[in-house]
Amino acid sequence: MRSSTKRLAASVGVSAMLMLPLATLPGASAAPPVDFGAEEIIDDAGVLDPSGLAELEDSIAQLRDDEGYRLRVVYVDTFTDPEDAEAWALETAEVSGLGEADVLLAVAVESRQGQFIASDQSPLRAEVSQIYNSDIIPELSNADWAGAGVAAAGAVTEVLSGNSGGSGGDGDNESSTGGSGLGAVILVGALVALAGIGGFFFLRSRSQKSLASGPSETKDFGPGRGQDGEVLDPLASLSVEELRKKAGSLLIAADDAIKSSEQEVGFAQAQYGDAAVQPFVDDIAAAKRHMSESFKLQQQLDDHIPDTEEQQRTWLGDIIRRCESVNGSLQEHKADFDALRELERNAPAALAAAQLSADSVKTRVSEAEQTLRQLQQKYADSATSQVQDNVEQANERLQFVDSAAESAQQHLSGGDTGSAVIAVRAAEESVHQTTVLLEAISKRATELDAAQVELDRSVSDTAQDLAQAKAMLATGQHQDLAGPVASAEAALTTVRTESSGGRVDPVSLLQRTEAAHAQLDTALGGVKNQAEQTQRAREALQHAIMAAQSRISGTSDYIRARRGGVGSEARTRLAEAERNLDYAVQIQSDDPVAALSHAQQATALAEQAAQIAQQDVDGFGGGMGGFGGGGGDF
């Protein structure tokens, strides 16, 4: 089960563990590894009082704001599946999609075990044993559960700020064992993450106090000022690298918040109609405009053009404030949205609807599997790589729906409506992601078939212009045609060679053919009349727009269904690809030449986004490496 769980968690930020029959230990409830999702604190053991929770939330928020690191703290009664404390913490890190800027404190209250871990790539890695032994254990030994988390946050801050010279151990401390069985409350952590890491509507922790208020079209994103007029910029003390980490984390959180919000609006829209959800639609639209600007700034930071430190600090600060504002705006409407859906009262009906939707989706799996198999037989592996495991992923999510529905029904029967609502939402979201995965296969089939038709047309057009150019070149004049002719010949040779093998990537070949043809067109510009040039530009533009739409659509679906494992770089490239494509479509009638350039840029950016996203998912967080740390009994 471990490998399957890790794969699914890395892909979508969701635990693939099935809900097993509940088991109870005398005086304690055993708990398997949890999925934090968007949460920072999970108190399944119920040991935090309001004041302790508030203190711990403040400490975690301070660490996040000051150092760009995120501390996750979980309290359970006993560890199980696995019982080993270190293995339990490592699996929790895996299913939660934790990365280089995350640290985890796991505490088993009844069996008195603990584990504190950080990524192997983190500067904290060498200090975690020292932090656990020197800072955390004294608090745990006194049953000051909140104090242990506060101490962990403080020690991490000290190490990252360079104020601590502690010599950590190697992280291979011994572990003890806990009980067995499964606590029902795991759904709160394991199912919440279905919306992806940073998903907004499923937040349970109240650690959003530091977020700014909602965005408006006239909001000033600059630093505030004190009473005597001095600039008060909380970001001024952070280094550029710290600002980059903070901006990247917030980009992911805000992007996922928007996606989760859109899905929640969709659920409510189907139930109550357009008018009821219009205020939320408007807020999401404003949030998306702010995110578009943030991604544009991030792309400027990531491009090959060197930026001054002042430019970097200005742009990163703008990204951070915009993302905080987006999160704050959506947070303001959470209570209103929850009231609209009335899931507390309508949980049984919502559960029935989710199950009915899942049954409907299940009937489409075999058809999607057949379509995928046909695509793989007809086209090259590169053409179907983004959807190659969609059927497998869809089946895993449908299994998860069954587990969530079963748990929701148990909670409803037991009168625990709050826990039932969480399970219902998880079931709804899982059905939604299943639909995205299956529809992506049919969309890819349509895109590839259309690209094949366009490729045939493009090859014919290119061959015609190539013959004209070669005839001109043969006269001994127009030697400037030699390079474009060679490129066009190479492109056509590639298409014919690969086509003879039977399986091609028509989107990729179309892009290559059009690029070579564009060079040829430029060289022939003085020969063709204006009408011919304009007509050719419009044809090339349509090919480029289609290629960009195909790349963007496939990459967007890939990220939407696996966003728990996709970082900010892939999202930035995709957002910029969408912006370039939108602009190309907007100006295509007035300036087809400029539109063609933007469409081609959109395709290139979407390809980069796809590659980075797949690396993130395959490498579990972009190659963050493993986790290690210290722990033991207390």
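## Burial and strand E6

A residue counts as buried when its relative accessible area is under 20%. In this predicted model, that cut-off applies to seven of the seven residues of strand E6 (residues 113–119), so the strand is largely enclosed by the rest of the structure.

Strand E6 pairs with strand E5 (residues 102–108) in the antiparallel sense, and six bridges join the two. Val 103 has Ala 118 of E6 as its bridge partner. The two strands form a hairpin with four residues between them, where Arg 112 takes a positive phi near 55°.

## The chain as a whole

The protein chain comprises 21 helices and nine strands. Of its 634 residues, 55% count as buried. The accessible surface comes to about 25400 Å², and carbon and sulfur atoms account for 49% of this area.

Among contacts in the chain with a separation of 6 or more, 82% involve residues 24 or more positions apart.

In soluble globular proteins, nonpolar side chains tend to be buried together. The largest nonpolar core in this model has 43 residues, and Ile 441 and Leu 520 have the most contacts inside it. Helices that each supply at least two residues of this core include H11 (343–362), H14 (390–413), H15 (417–474) and H17. Helix H15 gives the most, with 15 residues.

A second, separate core has 33 residues, among them Leu 48, Ile 136, Ala 148 and Val 150.

## Helix H17 and Leu 520

Helix H17 has 18 residues (506–523), which at 1.5 Å a residue should span 26 Å; the end C-alpha atoms are 26 Å apart, so the two values agree. The buried residues of H17 include Leu 509, Leu 510, Thr 513, Ala 516, His 517 and Leu 520. An α-helix has 3.6 residues a turn, so residues three or four places apart point the same way.

Which residues does Leu 520 contact, leaving aside its neighbours within four places in sequence? They are Thr 462, Asp 465, Leu 466, Ala 469, Pro 484, Val 485 and Ala 488.

## The aromatic pair

The structure holds one aromatic pair. Phe 79 and Trp 88 form this pair, with 4.5 Å from centre to centre and 40° between the planes, an arrangement classed as tilted. Phe 79 counts as buried because its relative accessibility is 0%. Trp 88 is likewise buried, at 0% relative accessibility.

Key:
Residues are numbered from 1 along each chain as its sequence is written. This is a predicted model: local features need pLDDT of at least 70, side-chain atom pairs count only at pLDDT 80 or more; totals for chains, interfaces and linings use all residues. Side-chain values use heavy atoms; hydrogens and water are left out. Rings of Phe, Tyr and Trp (its six-membered ring) pair if their centres lie within 6.5 Å; planes under 30 degrees apart count as stacked, over 60 as edge-to-face and the rest as tilted. Buried means under 20% relative accessible area, exposed over 50%, partly exposed in between (1.4 Å probe, protein chains only). Two strands pair if DSSP finds at least two bridges between them. The expected span of a helix is 1.5 Å times one less than its number of residues. Contact means heavy atoms within 4.5 Å. Accessible areas come from the Shrake-Rupley method with a 1.4 Å probe; for residues, only the protein chains shown count as cover. A nonpolar core is a set of buried Ala, Val, Leu, Ile, Met, Phe, Trp, Tyr and Cys residues joined through side-chain atoms within 4.5 Å.
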